[in-house]
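Here is a short tour of how two chains meet, written for someone who likes to have the model open alongside. Please load the structure and follow along.

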Amino acid sequence: MILLVSIAAGALVGWGYARWRGVAWHSPVFRATWLVALGFLPQFIAFYLPSTRRSLTDEGASLCLITSQVILLIFTGLNIRLPGMPLLALGLVCNLVVILANGGFMPLSTDTASRLVSPTIIDSLVLGERVSSASKDVLLTEANIRLPWLADRFVPPQSLPYRFAFSLGDVFIAAGAFWMLAYNRQTASFF
Amino acid sequence: MKNLFNQAALSLSKINKTHLQFALMMLTLVMLVLGAGAPEDLSGHGR
């Protein structure tokens with residue numbers, strides 16, 4: 001959700017600024033777009049498609065996640081010259097590194113999970129296992145997380161009705177996507 | 001009905017190459033950030 005909001009906000013700011021300046025808004029032009037479709041496919045099968053995600057083992061889902069992120073990393077490398085892409089690539093590297101260091105899934109600490117949902121739900125979760133078949137996260141104790149500062153450990157302020165945990169990598173990815181769309185190619189400037 | 005069809009055809013004719021390129025770019029970016037990111041809202045618990 002946070003990631004899609006950053007895209008919408010970036011497009012709105014980029015388009016609005018261009019309109020205010022009276023110039024045309026040019027969206028980024030990617031190279032090797034097919035790599036994104038190829039890279040997203042394993043995750044679509046492992047996490048999004050209900051019929052396949054339930055039948056896939058954790059090892060299979062983990063392999064899909066890592067393969068997918070490696071392909072997406074290649075795509076970011078090919079498009080690194082685009083504004084915002086270095087930041088987005090940095091976020092992807094952060095997430096991939098912490099996923100690889102924690103057995104193939106994004107670690108979520110019990111402390112962070114308890115800030116998101118009620119104790120009843122926390123009790124029903126199994127330590128060391130994935131949160132759900134639709135999730136990229138594995139529930140671990142803080143002490144068992146490798147590279148904890150790259151894990152899903154941040155939560156939005158209490159005032160926000162939508163509760164979620166996100167990583168430093170997610171912040172970089174959201175900022176990179178926003179930057180990419182907010183950047184005005186016509187005047188080669190920001191805002 | 002015929003009027004409705006004409007209006008739909010007129011709207012479709014306004015979709016040009018730029019609109020399709022923009023839609024493809026947005027789709028690419030959505031797939032990229034969803035694939036690269038890993039936020040968790042625990043809403044999928046139990047699925």
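## Confidence

Keep in mind that this is a predicted model. For the complex, the predictor reports an ipTM of 0.92 and a pTM of 0.89. Chain B has a mean pLDDT of 80, with 70% of its residues at 70 or more.

## Where the chains meet

Chain A brings 43 residues to the contact and chain B brings 22 residues. On the chain B side, these are 13 nonpolar, six polar and three charged residues.

## A helix pair across the chains

One pair to look at is helix 1 of chain A (residues 2–21) with helix 2 of chain B (residues 17–36): their axes lie 9 Å apart, at an angle of about 145°. The crossing of helix 1 of chain A and helix 2 of chain B is right-handed. Helix 1 of chain A contributes L3(A), L4(A) and I7(A), while helix 2 of chain B contributes L29(B), V30(B), V33(B) and L34(B). By class, the contact of these two helices has seven nonpolar residues, no polar and no charged ones.

## The nonpolar core

The largest nonpolar core holds 54 residues, and those touching the most other members are L88(A), L108(A), I173(A), A177(A), L32(B) and V33(B). Elements that each supply at least two residues of this core include helix 1, helix 8 (168–182) and strand 1 (106–109) of chain A, as well as helix 2 of chain B.

Notes:
Residues numbered from 1 in each chain as written. Chains lettered and ligands numbered in written order. Predicted model: local features only at pLDDT ≥ 70, side-chain atom pairs only at ≥ 80, totals over all residues. Contact = placed C-beta atoms within 7 Å. Nonpolar A, V, L, I, M, F, W, Y, C, P; charged D, E, K, R; others polar. Axes fitted to C-alpha atoms, helices over the stretch in contact; angles between N-to-C directions. Helix = DSSP H or I, 4+ residues; strand = E, 2+ residues; numbered from the N terminus. Left-handed = near helix turned anticlockwise from the far one by under 90°. pLDDT = per-residue confidence, 0-100. Core = buried A, V, L, I, M, F, W, Y, C linked by C-beta atoms within 7 Å. Buried ≥ 20, exposed ≤ 12 C-beta atoms within 10 Å, placed from the backbone.
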